[in-house]
Amino acid sequence: MNKYLLYPGCSMDSSAKAYMESLNSIVEPLDLHLEEIEDWNCCGATEYLGINLIPAYSLIARNLALATKQMNGTRTVVAPCSACYLNLAKADYYMQERPTLGAKVNEALAAGGLEYKAGTLDVRHLIDILVYDVGLEAIRSKVVRPLSGLKVVPYMGCMLPRPDYQHRWSDHEHPTELDDLLRALGADVIDYPLTTECCGGHMTQIGPESAFELIRRLISDASERSAHMMVTVCPMCQMNIDAYQNETNHFFGTNYHMPVLFFTQLMGLAFGKEPGKLGIGLELVSSRNALANLGIEVPVTQEPAAPRKKDEGLPMPRRWTKHEGRKEEMK
Amino acid sequence: MTERIGVYVCHCGTNIAGTVDVVDVANWAAEKLKHQGVVIAREYKFMCSSLGQELIEKDIKELGLTRVVVAACSPHLHEKTFRTAAKNAGLNPYLVELASIREQVSWVHSNKTIGTAKSKAVVSGAVSRVIENAALEEIKVPINPNTLVVGGGIAGIQSALEIANAGFHVYLVEREPSIGGHMSQFDKTFPTLDCSACILTPRMVEAGTHPNITLLTWSEVTNVAGYVGNFHVTIKKKARFVNEELCTGCGICQEKCPKKVIDDVYEAGLGYRKAVYTPFAQAVPNFPVMDKENCTYFIKGTCKACEKFCPTNAIDFTQQDQLINVDVGNIILATGYDLFDARRVSSYGYGRLPNVFTSIEFERLSNAAGPTSGNIVLRDGKTTPKSVGIIHCVGSRDKNFNNYCSVICCMQGLKFAHLVHERTGATVYNFYIDMRTAYKAYDEFYQRVLEEGTLFVRGKVAEVTKAARKESEKGKLIIQVEDTLAGKQRRIPVDMVILSSGLQPRADSKEVGKMFGISCSMDGWFTERHPKLDPVATMTEGVFIVGCAQGPKDIPSSVAQGAAAAARVLDKILQKEVMLEPIKASINKETCSGCRICNGLCPFNAIAYIEDDKISDINPALCQGCGTCVAACPAGAISGTGFSDAQIMAQIDGLLLRNLITA
Amino acid sequence: MPQMTDERVRAGMNREEDLSLLHEVSMKTAGVSHLEMCIQCGTCGGSCPVAEDMDHTPRMLFAMLRAGIREEVLRSNTPWLCVSCYHCVVRCPQEVHIADVMYTLKGMAIHAKLYTDSTAPHFSQTFVGMVETFGRGYELGLATRHYLRHFPLRLPGMMPMGFGMITKGRMAIIPKKIKHIDQLTKILNRAKQLELTS
Ligand SMILES: Cc1cc2nc3c(=O)[nH]c(=O)nc-3n(C[C@H](O)[C@H](O)[C@H](O)COP(=O)(O)OP(=O)(O)OC[C@H]3O[C@@H](n4cnc5c(N)ncnc54)[C@H](O)[C@@H]3O)c2cc1C
Ligand code: SF4
Ligand code: SF4
Ligand code: SF4
Ligand code: SF4
Ligand code: SF4
Ligand code: SF4
């Protein structure tokens with residue numbers, strides 16, 4: 001049994017209920033034990049940091065301090081939300097990088113009888129655990145209903161792969177973790193150049209016009225590439241693209257219909273779970289038509305490599321990933 | 001016997017005197033260290049000036065000094081100066097100690113009280129130590145007149161030719177099948193746009209045919225032993241599977257060879273070669289090599305087409321790697337650079353977006369002898385771009401990658417702008433942070449490219465993407481950048497992007513450096529003896545560095561360094577012998593337990609284990625007196641002249657002022 | 001000749017360069033800001049997905065910080081538009097903690113009451129107020145309160161969405177409160193007395 005401490009974050013039982021439901025349905029087949037941090041509080045999203053620094057970091061650090069009390073057998077905290085993950089991970093990192101920050105935050109925590117020594121915990125995102133701890137092989141072995149025929153755009157969002165002070169991801173700009181995972185489920189994964197672009201974050205609330213433009217860029221490129229749906233790893237991304245799609249269409253006079261689901265929902269489907277148990281249908285832009293594609297066999301054709309002719313294309317260099325670089329360094 | 005010690009405290013202008021009360025230090029030494037034998041303590045504006053040196057010489061003669069301490073700069077700089085002064089006055093030079101109160105005191109402190117107090121301690125340590133110094137004699141060794149040059153790029157070729165022309169023998173070792181280095185891949189060279197092959201080929205041919213040059217291509221140095229004047233070098237000559245005596249270089253074998261391979265080295269991955277090949281038409285030497293990994297015969301056991309068609313029966317599948325031993329007196333390292341791997345800057349899309357090219361790929365594209373016969377085309381092999389963006393500083397000046405300026409890429413970016421403009425008429429953009437066109441005729445070249453209508457955008461490119469936001473961007477590569485002079489973000493659609501990748505140290509530079517006993521900077525470039533005054537020598541006597549192996553530079557500077565190192569080598573050869581510092585370690589046979597801990601630690605491979613005696617022994621000729629083994633020996637069996645335990649302990653006592661008499 | 005407004009005349013005349021500004025911002029920023037290392041390359045301004053809507057690109061803002069133009073920096077809408085996408089942060093060749101500097105500038109602008117559009121500061125403050133009271137985010141309450149205040153005209157257009165969210169159970173109607181809200185309050189109260197100055 002793989003034990004982790006879970007920091008669900010505020011949206012998991014409201015706007016991202018589908019995320020929580022689908023997560024609950026895959027922990028058992030994957031033998032994951034997620035223990036919720038008791039009495040956790042909001043991480044402050046991107047709001048508190050802009051108002052008052054020490055309270056903002058104290059707010060975040062209270063969660064870390066509480067988590068250390070439940071460490072028993074693990075030091076890993078899992079956050080399914082990218083913004084929560086970033087806040088927790090960043091607080092832990094900055095408290096080390098700037099010891100005065102660490103000291104002040106602890107001074108505040110002490111008022112509540114708590115303390116947190118930076119570096120004690122390992123803060124990670126859910127998909128990191130699934131890809132690197134559980135492993136793609138194990139995931140693939142649980143697939144009973146491959147998602148072949150479903151054309152998906154893997155959308156990582158911005159706060160997950162960046163700033164990545166802990167060097168967890170294959171790349172800051174075009175990480176392949178989500179692509180690999182979806183491929184393991186059998187889905188047709190589209191190369192999506194905007195995979196780590198921003199969904200608008202809190203701009204939907206405070207500067208909707210800027211946000212609509214960011215959302216438009218994402219959904220228009222996904223439609224351009226004939227995606228059936230977008231797949232996300234973050235409640236805020238899901239919320240913005242799903243809930244504000246209608247308004248975005250209205251604003252630009254467009255007519256996009258681009259469902260966006262959580263990756264855990266697709267995992268559940270591939271593992272043979274009932275859509276109803278996975279929060280499918282909770283999205284505002286319905287995924288019904290997209291999911292109708294499942295089960296339709298689209299044979300994958302691969303053209304054989306032809307010998308080079310005079311005006312034939314020039315060879316491409318091999319793709320590089322940071323992991324490759326790291327391997328080289330280790331040699 | 002009590003020593004008669006002279007202490008000389010230098011002001012170094014205000015360099016030292018600014019933070020240290022020099023007069024106070026001298027007076028203090030005269031008074032407080034009198035009981036240790038200090039008979040005179042002086043301060044002087046510039047001790048290293050001839051007047052300063054005369055001061056010491058005069059005192060030695062008139063006051064009968066037996067030891068001298070100079071409190072001044074680091075021994076690195078002027079130890080030799082003051083030792084020579086002592087020698088001139090008849091005192092053994094090793095009875096002089098330098099106390100570094102500049103590098104270790106005035107340059108690292110700002111408080112004068114602290115600086116003065118610390119200087120006193122440092123002087124006190126040096127006085128205590130110098131008492132324990134022993135008179136030593138320099139060691140004289142003859143110089144072997146042969147020279148080894150490693151790396152046959154333009155820098156190494158220059159060194160080899162200079163020395164060979166002066167009448168001395170050179171072994172020129174090159175890892176690739178041909179000499180020429182990066183320059184052989186270029187089409188034109190900035191700033192004058194000479195054809196690269198036209199200026200390089202004559203030099204290559206001269207090096208290849210020179211009676212004083214033994215050219216060893218497809219070869220690598222595998223071991224180096226010895227010391228200045230007497231290096232023993234082992235060179236591995238990899239099997240070519242072509243008999244060099246018989247081969248005429250006719251090229252029929254490559255023509256007939258059925259196996260095509262992507263040429264990652266010379267064609268930068270853009271073109272193909274055969275399994276048996278000479279990398280390019282003007283290769284020196286012009287006989288081919290067979291690439292065993294790709295040859296059908298070696299893989300499957302059949303083929304031998306090359307052998308069948310070779311008119312001189314030169315193909316020899318039984319050839320083996322050969323180890324060659326040569327003795328040389330000096331070594332020049334000219335191993336050059338690697339190009340930064342642009343795939344690492346993933347926002348620029350190299351390796352993901354087909355029409356993003358690296359600089360070296362572009363050199364091949366624009367080269368008449370290249371895969372497209374000099375046609376500048378997109379990766380589809382036929383379309384001429386209508387707009388081209390050239391991105392500067394790729395992987396350079398960037399803490400995420402290499403934190404230094406690669407020096408040549410601004411000029412190289414301008415060269416590309418000119419070539420694209422001239423050959424395709426395309427609209428050209430150059431994206432730069434700062435335009436670095438220092439040196440002769442370089443800025444004029446910038447002016448010329450401006451005149452040609454190249455569009456310059458000051459801003460480091462943020463990303464290259466295929467994600468179009470509007471109709472005019474569809475199917476293009478969009479360069480997103482802040483035009484910092486206009487203060488606006490711009491998205492510029494182009495057909496082709498060229499990345500000015502930076503230069504970086506060879507992937508194996510650390511190992512190569514270690515083999516030759518020299519060190520690398522943090523970035524991995526070979527470290528010179530002095531960054532300003534001794535740029536081609538290294539801390540290891542007899543080993544020199546030239547060209548890009550020492551740091552990024554253009555062709556003129558590489559050539560100048562190649563010649564400079566040759567002059568240094570010739571100087572050594574003509575002196576016929578060399579004096580070695582007598583600062584050496586030695587092992588006490590009685591106490592050495594034979595544990596061999598020291599053997600692997602010596603950076604100069606000076607310690608060998610004597611099987612018969614079951615103890616280790618130090619070769620005094622190889623030992624550089626670094627002291628590593630002395631500190632490491634668990635039996636305390638190793639001691640060093642110039643850094644004996646007695647000297648070190650005395651210096652520590654002195655530093656802690658334990659030597660002062662408390663009344 | 002165009003007439004200069006009184007305000008502009010005064011601004012020009014009274015503008016003192018405040019060379020301590022850079023240091024102050026740097027000190028108030030979480031982590032080590034590296035602000036002084038900026039080489040004005042523009043990677044940040046080129047990367048920013050919302051640069052078009054900003055008064056000043058992030059790079060320009062940093063040049064202004066360096067020049068000590070305090071008021072204009074704190075009045076700029078740039079920090080408020082930053083969506084914390086961290087594109088600039090990972091690409092900046094000088095490792096400037098750009099997104100965190102934006103947070104610092106927001107805080108300073110609120111403190112000096114120098115922001116020009118109140119939407120964003122009010123949203124942040126409403127959110128923070130909610131978190132301080134309940135310990136958790138409360139989306140429906142936040143959204144309605146925020147919209148009523150700033151986009152009263154948009155609210156009807158938003159209703160289908162809000163309605164969908166509520167009927168699908170994706171927006172809580174009653175806020176959740178953490179158990180030990182008193183403990184959190186104590187921590188935050190203490191934290192508010194502390195400032196990062198060195
Ligand atoms: C795209 C591009 C364009 C350029 N254009 C110009 C220009 O127009 N004008 C200009 O002045 N400069 C230009 N330069 C710079 C120029 O390439 C260098 O200044 C020059 O090539 C340096 O020569 P070098 O001999 O030091 O190194 P290199 O050319 O790298 O040669 C080193 C040689 O050593 C060999 N070698 C390496 N390691 C070993 C080993 N361990 N054992 C044996 N052999 C080894 C290599 O195979 C190679 O042959 C350009 C650079 C680039 C990247
Ligand atoms: S065919 Fe024979 S002679 Fe001609 S190049 Fe090849 S090996 Fe040399
Ligand atoms: S034996 Fe090897 S090198 Fe010779 S022709 Fe065949 S594949 Fe080419
Ligand atoms: S030479 Fe120019 S392009 Fe190259 S790293 Fe330096 S500034 Fe950048
Ligand atoms: S002092 Fe020892 S370790 Fe150093 S060079 Fe001499 S033998 Fe080698
Ligand atoms: S990217 Fe970094 S160095 Fe460049 S302008 Fe922005 S903050 Fe300055
Ligand atoms: S972090 Fe902020 S400033 Fe930086 S690119 Fe993203 S939105 Fe722009």
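How many salt bridges are counted between chain A and chain B? The count is 2, where a salt bridge is a side-chain nitrogen of Lys or Arg within 4 Å of a carboxyl oxygen of Asp or Glu. Welcome to a short tour of this predicted model, in which local features need pLDDT of at least 70 and side-chain atom pairs count only at pLDDT 80 or more, while totals for chains, interfaces and linings use all residues. Residues are numbered from 1 along each chain as its sequence is written, chains are lettered from A and ligands numbered from 1 in the order in which they are written, and side-chain values use heavy atoms, with hydrogens and water left out.

**Chain A with chain B**

- In this contact (heavy atoms within 4.5 Å), chain A takes part with 25 residues and chain B with 31 residues.
- About 2400 Å² is buried between chain A and chain B, and 52% of that lies on carbon and sulfur atoms; buried area is the accessible area (1.4 Å probe) that two parts lose on being put together, summed over both.
- One salt bridge to look up pairs the side chains of Asp191(A) and Lys466(B), at 3.2 Å from N to O.
- There are also 3 residue pairs in polar contact across the interface of chain A and chain B, both residues being at pLDDT 80 or more. A polar contact is a pair of N or O atoms within 3.5 Å; within protein, one must be able to donate a hydrogen and the other to accept it, and residues adjacent in sequence count only if both atoms are side-chain atoms.
- Helix 8 (residues 208-224) of chain A supplies the largest share of the side of chain A that touches chain B, with 5 residues. Helices (H or I, at least four residues) and strands (E, at least two) are DSSP runs, numbered from the N terminus.
- The side of chain A that touches chain B has 16 charged, 7 nonpolar and 2 polar residues. Here Ala, Val, Leu, Ile, Met, Phe, Trp, Tyr, Cys and Pro count as nonpolar, Asp, Glu, Lys and Arg as charged, and the others, Gly among them, as polar.

**Chain A with chain C**

- This contact draws 71 residues from chain A and 69 residues from chain C.
- Chain A and chain C bury about 6200 Å² between them, with 59% given by carbon and sulfur atoms.
- The rule finds 3 salt bridges across the interface of chain A and chain C. Arg91(C) and Glu173(A) meet in a salt bridge between their side chains, at 2.5 Å from N to O.
- Polar contact links 26 residue pairs across the interface of chain A and chain C, both residues at pLDDT 80 or more.
- Several helices of chain A each supply at least two residues of the side that touches chain C, including helix 3 (82-97), helix 4 (99-110) and helix 9 (235-243). Helix 2 of chain A gives the most, with 7 residues.
- By class, the side of chain A that touches chain C divides into 34 nonpolar, 20 polar and 17 charged residues.

**Two parallel sheets in chain B**

- One open sheet of chain B has 4 strands in the order 2-1-3-4, with parallel pairing; two strands pair if DSSP finds at least two bridges between them.
- Strand 2 (38-44) and strand 4 (96-100) of chain B are the edge strands of that sheet, each pairing on one side only.
- Strand 1 (residues 5-10) and strand 2 of chain B run parallel and are joined by 6 bridges. Val7(B) has Ala41(B), in strand 2 of chain B, as its bridge partner.
- Another open sheet of chain B has 5 strands in the order 20-27-21-22-23, again with parallel pairing.
- Strand 20 (356-358) and strand 23 (455-458) of chain B stand at its edges with a single partner strand each, so one side of each has no neighbour in the sheet.
- Strand 21 (residues 387-394) and strand 22 (residues 427-432) of chain B run parallel, joined by 5 bridges. Ser387(B) has Thr427(B), in strand 22 of chain B, as its bridge partner.

**Salt bridges overall**

- Over all chains, the structure holds 56 salt bridges.
- Arg62(A) and Asp39(A) form a salt bridge, their closest N and O atoms being 2.9 Å apart. Arg62(A) lies in helix 2 of chain A and Asp39(A) in the loop between strand 2 (32-36) and helix 2 of chain A, so the pair ties together parts that are 23 residues apart in sequence.
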